[in-house]
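Please open the model in your viewer and keep the selection tool at hand. The stops below go from the whole chain to single residues.

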Amino acid sequence: MDRAFYTQLAIDSIAGQTIPLETVQRLLSSETEFLALLDAAFEVRKKFFGRKVHVHIINNAQNGYCPEDCHYCAQAKSSSSEIKEYPIKSDTEILAEAKQAYESGAFRYCMVFAGRGPSQKRVEHLSQLIRKIKSNYPIQVCVSAGLLDEEKAQILKVAGLDRLNHNLNTSRAHYPEICTTHTYDERLNTLQAAKKAGLEVCSGMIIGMGETSDDVLEVAYTLRKLQAPSIPVNFYIPIPGTKVKEPSPLAPEYCLRILCVFRLLNPRAEIRVAAGRELHLRDMEVMALYPANSLFLDGYLNAKGSTRLKTLQMIKDAGFTLDSEFGVDELLKNETPAPQTAVSDFSKIALKGLEELRPQLLGVAPTVKNSENNAKY
Ligand code: SF4
């Protein structure tokens, strides 16, 4: 493949043309040149996002108590992972964390609630919370709360919610291998309902759960069809106790090729290099910023990730800037070196402790996983 091929790839992507399946299949394989592909994806990224990076901070607003069996999830009922379960955090705690996220330069504050889907009562509570956050801080708000219908999505939209996250996680054909308590179609329906309610949707995938590269491409095309404006690309973190039957080994270059393909097929989407970047990209982590324009600042729902300092320094060193009212230098000044938490070694996958999950409420007593102390709703 000569240079002209990659130049044309970027031009076609920017023009909104669909890159054919046979071409993207080749892009995922080593028969195409990696650096030329990365450059083509970077051209598209630059066109729509320049060198700006959206930094997200995730708030695990409730940990555990989930009746679903998503095999990748430490909070699933079927998992034996040693997480610190707690019911939904108090409003005071969630608001204080929203303030902290805003002051840390986050572009978006993502609240995640475990469970199959929110009850009417929880939707009304979430609406109040969203109103309070939006009236106090100029920050985008995203909620991940499981399956919902259009009526509930509408209530959240009216309250001021910007985005609803609901990941497809894998292809339709592979879905039964990763979850048996709900279906791929239920997930798709939730996304359609959110769109009909006028919400932006955030939906992505977890790579490395035994899927084929064609499964990966199917998800990338489906999200293109859905015109998802936000696509988190996660790389499976095998937290001990989770149930994925056949995790696939992931080479850093393959992970980066996947990010490039998601970018080329979804040129205007916010492509997020999400969970597992430290573990699977290792020394090639910074290269993800060329196709992706978004990442999580300091870890994920249950697994630890990089430190704030390290993430911000990586963004600065590679010549990218933050999409935030705070400059990266200003934020770096406030960061003190923290113990290394990056999980770049499979034998050292670490779960977040309460000090990270509930920084506003140090000393809270953890409950025992799957105990009878159920969530509030
Ligand atoms: S991903 Fe969500 S719905 Fe699935 S087990 Fe985890 S918390 Fe429950």
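The tour that follows names a selection at each stop and then says what is found there.

**Before you select anything**

This is a predicted model, in which local features need pLDDT of at least 70 and side-chain atom pairs count only at pLDDT 80 or more, while totals for chains, interfaces and linings use all residues. Residues are numbered from 1 along each chain as its sequence is written.

**The whole chain**

Begin with the chain as a cartoon, where 14 helices and ten strands are assigned; helices (H or I, at least four residues) and strands (E, at least two) are DSSP runs, numbered from the N terminus. The C-alpha trace spans about 60 × 45 × 45 Å along its principal axes. A compact globule of 377 residues would have a radius of gyration near 21 Å, and the 20 Å of the chain therefore agrees with that expectation; the radius is taken over C-alpha atoms, and the globule rule is 2.2 Å times the number of residues to the power 0.38.

Of the 377 residues, 49% are buried, where buried means that 20 or more other C-beta atoms lie within 10 Å of the residue's own, exposed means 12 or fewer, and partly exposed is in between, with C-beta atoms placed from the backbone. Among contacts with a separation of 6 or more, 79% are between residues 24 or more positions apart, a contact being two residues whose C-beta atoms, placed from the backbone, lie within 7 Å.

**Helix 2 against helix 10**

Next select residues 21-28, which form helix 2, together with residues 252-265, which form helix 10. Two packed helices are described by the angle between their axes and the distance between the axes. Here the axes come within 9 Å and cross at roughly 155°, with each axis a line fitted to C-alpha atoms over the stretch in contact and angles running from 0 to 180 degrees between N-to-C directions. The two helices are therefore roughly antiparallel to each other; angles over 145 degrees count as roughly antiparallel, under 35 as roughly parallel, 65 to 115 as roughly perpendicular and the rest as oblique. Show the side chains of V24, L27 and L28 on helix 2, and of R257, I258, C260, V261 and L265 on helix 10, which make the contact. These residues divide into seven nonpolar, no polar and one charged, where Ala, Val, Leu, Ile, Met, Phe, Trp, Tyr, Cys and Pro count as nonpolar, Asp, Glu, Lys and Arg as charged, and the others, Gly among them, as polar.

While helix 10 is selected, pick out E253, which lies in that helix and counts as partly exposed because it has 15 C-beta neighbours inside 10 Å. Its C-alpha atom is 9.1 Å from that of S30, although E253 and S30 are 223 residues apart in sequence.

Leaving aside residues up to four places away in sequence, D69 touches A76, K77, S78, C179, T180 and T181.

Move to I94 in helix 4, which is buried, with 20 other C-beta atoms within 10 Å. Beyond residues up to four places away in sequence, I94 touches N59, A61, K89, M111 and L129.

Then select N169, in the loop between strand 4 (163-165) and helix 7 (175-178); N169 has a positive phi of about 75° although it is not a glycine, and with 25 C-beta neighbours inside 10 Å it counts as buried. R282, in the loop between helix 11 (277-281) and strand 9, has a positive phi of about 45° and is not a glycine either, but R282 is partly exposed, with 14 other C-beta atoms within 10 Å.

Finish at A303, in the loop between strand 9 (294-296) and helix 12 (308-317), which counts as buried with 21 C-beta neighbours inside 10 Å. The C-alpha atoms of A303 and K352 are separated by 5.6 Å, although the two are 49 residues apart along the chain.
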